[in-house]
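The wider architecture and a few local details follow.

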Amino acid sequence: ARIRCLTELRRVKPSEITAVTFTNQAAGELKERLRREMPNRSAAGRIQTGTFHSVCLALLKAAGKETVLADGLECQKLAEAVIEDMGLKLRSSELLRAVSEEKTKRILGAGEAEPMSEGLRKAAGAYEERMREQGLMDFDDLLTEALGLLYLASEPVRKFCRRFRYLLVDEFQDINQLQYDIVRLLAKPENNLFIVGDDDQSIYHFRGARPEIMLNFTKDYPEAETVVLNVNYRCTKRILGSAMNVIGENKTRFKKELSTPNPEGEPVRILEFPNPREEYMEITGELRR
């Protein structure tokens, strides 16, 4: 609806609008929705939609930087090879998370990360060395390299950024500091930023997501208007009331009152199970009923 308003009422060029989200699935859904709901299909095709990583990859290409991107499986195999060669008792996910945190800390100067064991620190160094030897980049490298290019602001980069006159970001509660710094630089100088998110749904802290970024958005952009979508069409009154009682215990959140036009519904039940299998059996049985 926001994009239709920009193109149809404000007469903004579709090529100056970029909508960013976090997963390929969400980006694909957004593209499909635009094609379906915009009367001018060719205009819908000129709107840039994608993930943070796809935007950063396009930026690197625009700057003439050669990029060979390793996918998640390649990174996992490389991490497993490093762990095996060093004879460490580590999971590949532990190593990849440590490498990610270290890269983010380096570029942002974000103070102390969680302390690393000596073995994990050496493995992280070995993993990065092997990536360099093979000329590979992972998803974190994409972000850090893109941020560096945005700070340097060469002419190809400035030309690329002119495509981001209107920037829309979905699922903003999942953003981390590195992604936020990229967004802020892409949005300059107009700062036509439109963000959508729900701080109560921030569940990716382990990936660096910080709801505080969303909570402090109006400090960074004092002229921003806040619109609260406070009607819930999905839940019964009892489910919504119970959920709000639980999330209300969080101290770091926007205070909001939600309502629903739906009926009271059944009382919320709390069930405990001795193991996951019995939990699954109960849930599938309930769904069949």
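## L186 and the nonpolar cores

Leaving aside its neighbours within four places in sequence, L186 is in contact with V55, L150, C161, F164 and L167, where contact means heavy atoms within 4.5 Å. A second, separate core of 15 residues includes L78, A98, Y127 and L136; a nonpolar core is here a set of buried Ala, Val, Leu, Ile, Met, Phe, Trp, Tyr and Cys residues joined through side-chain atoms within 4.5 Å, and buried means under 20% relative accessible area, with exposed over 50% and partly exposed in between (1.4 Å probe, protein chains only).

The largest nonpolar core has 34 residues, and F52, L150, L167, F172, I175, L186 and L193 are those that touch the most other members. At least two residues of this core come from each of α4, α8, α9 (155-161), β3, α10 and α11 (211-215), and α10 gives the most, with 7 residues.

## Basis of the model

The model is a predicted one, in which local features need pLDDT of at least 70 and side-chain atom pairs count only at pLDDT 80 or more, while totals for chains, interfaces and linings use all residues. Residues are numbered from 1 along each chain as its sequence is written, and side-chain values use heavy atoms, with hydrogens and water left out.

## Overall architecture

The protein chain has 14 helices and 4 strands; helices (H or I, at least four residues) and strands (E, at least two) are DSSP runs, numbered from the N terminus. The C-alpha trace spans about 60 × 60 × 35 Å along its principal axes, and 34% of the 289 residues count as buried. Among the contacts in the protein chain with a separation of 6 or more, 76% are accounted for by residues 24 or more positions apart.

## The sheet and its helices

An open sheet of 4 strands has the order β2-β1-β3-β4, with parallel pairing, where two strands pair if DSSP finds at least two bridges between them. The edge strands are β2 and β4 (193-195), each of which pairs on one side only. From one strand to the next the twist averages 20 degrees; axes are lines fitted to C-alpha atoms, for helices over the stretch in contact, and angles run from 0 to 180 degrees between N-to-C directions. Helix α4 (residues 52-62) packs on the sheet, where α4 touches β1, β2 and β3, and the direction of α4 makes about 110 degrees with that of β2. Helix α10 (residues 177-187) also packs on the sheet, touching β3 and β4, and its direction makes about 160 degrees with that of β3.

Strand β1 (residues 17-21) pairs with β2 in the parallel sense over 4 bridges, and T49 in β2 is the bridge partner of A19. Along β2 (residues 48-51), Q48 and G50 point one way while T49 and T51 point the other way, and all are buried. Strand β3 (residues 166-169) runs parallel to β4 and is joined to β4 by 3 bridges, with V169 standing opposite I195.

## Helix α8

The 14 residues of helix α8 (residues 139-152) should span 20 Å at 1.5 Å a residue, and the end C-alpha atoms are 20 Å apart, which agrees; the expected span is 1.5 Å times one less than the number of residues. Buried residues of α8 include D140, L143, A146 and L150.

At the N-terminal end, D138 caps α8 through a side-chain oxygen that lies 3.1 Å from the backbone nitrogen of D140. Just after α8, A153 takes a positive phi of about 55 degrees.

## Two buried residues in one loop

R253 is placed in the loop between α13 and α14 and counts as buried at 14% relative accessibility. A polar contact of 2.8 Å joins the side chains of R253 and D200, a polar contact being a pair of N or O atoms within 3.5 Å; within protein, one must be able to donate a hydrogen and the other to accept it, and residues adjacent in sequence count only if both atoms are side-chain atoms. R253 and L215 are 38 residues apart in sequence and 7.0 Å apart in space, C-alpha to C-alpha.

T260 also has its place in the loop between α13 (237-247) and α14 (276-288), and T260 is buried, with a relative accessible area of 10%. The side chain of T260 reaches the backbone oxygen of C235 at 3.2 Å and the backbone nitrogen of N262 at 3.1 Å. Leaving aside its neighbours within four places in sequence, T260 is in contact with N232, C235, T236, K237 and L240.
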